Amino acid sequence: MSKRTSSNKPREMHYDSDPEVNSAITPLSPLQNLSNITQRFKRKYQQDDDISDLLGEIRKLMSDFTDNQDKKYKALMSAVNDIKNQNTEIQKTTQFLSDKYDELLLKMNQLEKENKEKLAYIQILEEKIENLETFYKSSSLEIRNLPLDKSESKINLCETLINTGKVLNVPLQKSEIRDIYRLKSKSGKSSGTIVVDLSSVIAKDNLLQAFKMYNKKNAANKLSSKDILLDGPIQPIYMSENLTAKKRRLFYLAREKAKTLEYTYCWVSHGRIFLRKKEGIPAIRIDSEKDLGKLQLNKE
């Protein structure tokens with residue numbers, strides 16, 4: 001039995017195509033190829049149109065956005081310009097008001113200066129009037145608390161004054177009495193102040209000095225209506241200088257201040273007011289209410 005010998009050569013594989021498949025593929029006709037190409041071009045053109053439309057819409061959106069931004073920018077610039085114009089007007093108004101303020105301030109300073117000058121001038125005039133009135137009253141004196149006579153006349157008053165001079169040891173002549181009259185009482189009392197205008201300041205000073213000396217010597221029995229032979233209830237008689245209204249008020253304030261600050265002496269001499277703390281201390285002349293204020297400051 002013969003053995004089959006195996007061959008070492010590889011077995012060859014053979015693949016055959018199906019003749020049916022090759023026979024199934026038929027070549028396309030030229031018209032079919034043209035139709036396919038046309039379809040592909042249509043799809044490409046349609047895609048280009050879509051992109052073009054999209055780009056158009058984007059351009060339109062961008063254009064609308066730009067136009068909207070331009071409008072907003074113009075509106076903003078218009079508002080800014082309005083604000084600038086308003087600021088310019090405000091600056092003009094502020095400058096105008098500043099100029100007016102400076103002008104008014106200058107006028108006020110000028111008016112204040114003129115007012116001070118006028119006040120100073122008025123004060124000078126008041127002082128001149130005060131000095132003239134003081135000079136006019138320099139030979140006058142006042143007699144207070146003198147009983148009123150129903151039949152009183154200037155002649156009766158002259159006789160009463162002459163009798164008073166005799167009591168005080170100061171002889172007086174009718175020729176030395178230039179005028180004598182009674183003021184109407186403001187308080188409604190029956191007797192008012194008697195004003196005597198003598199012929200000289202010396203005659204007035206002598207009579208006042210004699211009155212002070214009499215009361216000093218007769219401290220327990222000062223000059224009264226009984227001493228000068230007047231009828232009626234006994235009343236103390238007072239004599240003093242005839243002061244101006246301004247000096248009268250200042251003398252009143254000085255007496256009140258003297259009580260408050262415990263000044264012992266307050267008197268008038270030749271129309272001038274003086275204060276003295278106590279005996280041996282220099283007298284202080286009071287010319288105005290400011291001088292009284294200084295006394296308060298000194299006390300404090």
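Colleague: How far apart are the end C-alpha atoms of helix α5, and what span should its 16 residues have?

Modeller: This is a predicted model. Helix α5 covers residues 245–260, and its end C-alpha atoms are 23 Å apart. At 1.5 Å a residue, its 16 residues should span 22 Å, so the two values agree.

Colleague: Which residues of α5 are buried?

Modeller: The buried residues in α5 are K247, L250, F251, A254, K257 and A258. They lie on the same side of α5, because they cover an arc of only 125° around the axis.

Colleague: Changing topic, how many disulfides does a search of the whole structure find?

Modeller: The search finds zero disulfides.

Colleague: Is C158 buried or exposed? And what is the relative accessible area of C266?

Modeller: C158 counts as buried, because its relative accessibility is 13% and the cut-off for buried is under 20%. C266 has a relative accessible area of 22%, so C266 is partly exposed.

Colleague: One last topic: what does UniProt list for residues 94–128?

Modeller: The unreviewed UniProt entry lists residues 94–128 as "coiled-coil region". In the model, the chain over residues 94–128 is 100% helix and 0% strand, with the end C-alpha atoms 50 Å apart.

Methods. Residues numbered from 1 in each chain as written. Predicted model: local features only at pLDDT ≥ 70, side-chain atom pairs only at ≥ 80, totals over all residues. Heavy atoms only, no water. Helix = DSSP H or I, 4+ residues; strand = E, 2+ residues; numbered from the N terminus. Expected span 1.5 Å × (residues − 1). Buried < 20%, exposed > 50% of the residue type's maximum accessible area, 1.4 Å probe, protein only. Arc of directions from axis to C-beta. Disulfide = S-S within 2.5 Å. UniProt positions renumbered as here; feature names shortened; annotations may be inferred.
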